[in-house]
Amino acid sequence: MQDKMLNILLVEDDEVDVMNVNRAFKKNNISNPLFVAGNGLDALAMLRGGQIPRDRRLILLDLNMPRMNGIEFLRELRGDAELKSTPVVVLTTSDDERDRVDAYNLNVAGYILKPVTLTNFVEAMATLNKYWTLVELP
């Protein structure tokens, strides 16, 4: 199972949502390392600065954040030769069709609306965990 370990970067400014992701990981026994950045600028600094291992990365990205929102982050990420192939799953409250289209045009691997209840959030993380254990990542 160690060869399926992912280095997950959660880009999220809401502390409650960060706690919910941590709870969902714990309830699902997800042991992947979880790194947290509060906005797109901090996330890029972490990725470029070597604070997150370069192999087997996955980004869980909120869209509505200060300083640099998720779409701006995706544009910057996809424009960086070393980071552009990093898989990104959007995890957001935005049900705006434009956000969804923009995200998919920037090659996200998925777009998930944040579940309202913790139980549904835990289920969503379990499904995502199953997905990333099956998918072959570089």
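Q: Where in this predicted model does Arg67 lie?
A: In this predicted model, Arg67 lies in the loop between strand 3 (57-61) and helix 3 (70-78).

Q: What makes Arg67 count as exposed?
A: Its relative accessibility is 59%. The word exposed is kept for values over 50%, so Arg67 at 59% counts as exposed.

Q: Which loop holds Asn29, and what is its phi?
A: Asn29 sits in the loop between helix 1 (15-27) and strand 2 (34-37). Asn29 is not a glycine, yet it has a positive phi of about 55°.

Q: Why is Asn29 called exposed?
A: Asn29 has a relative accessible area of 69%. Exposed means over 50%, so with 69% Asn29 is exposed.

Q: Why does Asp13 count as partly exposed?
A: Asp13 has a relative accessibility of 36%. Buried would need a value under 20%, and exposed a value over 50%. A value of 36% falls in between, so Asp13 counts as partly exposed.

Q: Where does Asp13 lie, and which residues is it in contact with?
A: You can find Asp13 in the loop between strand 1 (7-11) and helix 1. Leaving aside neighbours within four places in sequence, Asp13 is in contact with Gly38, Asp62, Asn64, Met65 and Pro66. Asp13 and Val36 are 23 residues apart in sequence, with 9.0 Å between their C-alpha atoms in space.

Q: What makes Lys114 count as buried?
A: The relative accessibility of Lys114 is 13%. Buried means under 20%, so at 13% Lys114 counts as buried. Its place is in the loop between strand 5 (110-113) and helix 5 (118-134).

Q: How do you know that the side chain of Lys114 makes a polar contact with the side chain of Glu12?
A: The distance given for this pair is 2.6 Å.

Q: Which other residues are in contact with Lys114?
A: Leaving aside neighbours within four places in sequence, the contacts of Lys114 include Asp62, Leu91, Thr92, Thr93 and Phe121.

Q: How do you know that Asp96 caps the N-terminal end of helix 4?
A: A side-chain oxygen of Asp96 lies 2.7 Å from the backbone nitrogen of Arg98. Helix 4 covers residues 97-105. Just after helix 4, Asn107 takes a positive phi of about 65°.

Now for the whole chain.

Q: How many helices and strands are there, and what pattern do they follow?
A: There are 5 helices and 5 strands in the protein chain. Along the sequence, the pattern reads β-α-β-α-β-α-β-α-β-α.

Q: Why is the protein chain called as compact as a globular protein of that length?
A: Its radius of gyration is 14 Å, close to the 14 Å that the globule rule gives for 138 residues, so the chain is as compact as a globular protein of that length.

Q: What percentage of the residues count as buried?
A: Of the 138 residues, 47% count as buried.

Key: Residues are numbered from 1 along each chain as its sequence is written. This is a predicted model: local features need pLDDT of at least 70, side-chain atom pairs count only at pLDDT 80 or more; totals for chains, interfaces and linings use all residues. Side-chain values use heavy atoms; hydrogens and water are left out. Helices (H or I, at least four residues) and strands (E, at least two) are DSSP runs, numbered from the N terminus. The radius of gyration is taken over C-alpha atoms; the globule rule is 2.2 Å times the number of residues to the power 0.38. Buried means under 20% relative accessible area, exposed over 50%, partly exposed in between (1.4 Å probe, protein chains only). A polar contact is a pair of N or O atoms within 3.5 Å; within protein, one must be able to donate a hydrogen and the other to accept it, and residues adjacent in sequence count only if both atoms are side-chain atoms. Contact means heavy atoms within 4.5 Å.
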